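Trainee: I would like to learn how to read a structure. Please take me through a few features.

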Amino acid sequence: RSGGCIAVMKARTKKKASDYVNARDLLATSTEDKARMLRHLIGKPFLSIPRAIREEMAALDGATVLDGNGVVLTTGAIVRVKGGSDGGGRKAAAKALSRLGLAIKISSDGGITAFTDRGPDDNPEIAFEVCV
């Protein structure tokens, strides 16, 4: 078991991605080694990537962000979050990324929480929660 943070952006929020993740983490434009290595994922929907690779991507430190068509924009991205969060890093990242659409926090213990862009910035609405 491993955890992760995955966000799916709404089309209208795509230009706001750099407000939440560093530009060097965006695979399409970055010159970083990680981006160059992962660039072959650009243009492919997340679901067309082999499951084992998707699992590894989600388990990387940082978040995986997809556009509204499921295309990978970044993986292993460090998310800008406000200080003083009420949970761990993945929860804080998912809450921040929910401003772009839907963000899912996957706990290493198996629980899953999805946040939407509804509600105040510091307390986004929970779309669903799965506890194990």
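Mentor: We will go through a strand, a residue and the pockets in turn.

Mentor: This is a predicted model, in which local features need pLDDT of at least 70 and side-chain atom pairs count only at pLDDT 80 or more, while totals for chains, interfaces and linings use all residues. Residues are numbered from 1 along each chain as its sequence is written, and side-chain values use heavy atoms, with hydrogens and water left out.

Trainee: Which way do the residues of strand β2 point?

Mentor: In a regular strand the side chains alternate between the two faces of the sheet. Helices (H or I, at least four residues) and strands (E, at least two) are DSSP runs, numbered from the N terminus. In β2 (residues 63-66), Ala-63 and Val-65 point one way, and Thr-64 and Leu-66 the other way. All are buried, where buried means under 20% relative accessible area, exposed over 50% and partly exposed in between, with a 1.4 Å probe and protein chains only.

Trainee: How many bridges join β2 to strand β1, and how many to β3?

Mentor: Two strands pair if DSSP finds at least two bridges between them. β1 (residues 4-9) runs parallel to β2, with 3 bridges, and Val-8 has Leu-66 as its bridge partner. β3 (residues 72-77) pairs with β2 in the antiparallel sense, also over 3 bridges, and Thr-74 of β3 stands opposite Val-65.

Trainee: Is Arg-99 buried or exposed?

Mentor: Arg-99 is in the loop between α4 (89-97) and β4 (101-106). Its relative accessible area is 15%, so Arg-99 is buried. Beyond its neighbours within four places in sequence, Arg-99 is in contact (heavy atoms within 4.5 Å) with residues including Thr-13, Tyr-20, Gly-119 and Asp-121. A polar atom of the Arg-99 side chain lies 3.2 Å from the backbone oxygen of Gly-119.

Trainee: What is the volume of the largest pocket, and which residues are closest to its centre?

Mentor: Rolling a probe the size of a water molecule over the atoms shows where empty space is left. On a 1 Å grid over the protein atoms alone, a pocket is an open set of points where a 1.4 Å probe fits, with protein on both sides within 12 Å along at least five of seven lines, and lining residues have an atom within 4 Å of a point. Grid points are joined across faces, edges and corners, and a volume is the space filled by probe spheres set on the points. The largest pocket has a volume of about 560 Å³. Of its 22 lining residues, the closest to the centre are Ile-6, Phe-46, Glu-55, Ala-58 and Ile-106. The largest share of this lining, 4 residues, comes from α3.

Technical notes: Polar contact = N/O pair within 3.5 Å; in protein donor to acceptor, adjacent residues only side chain to side chain.
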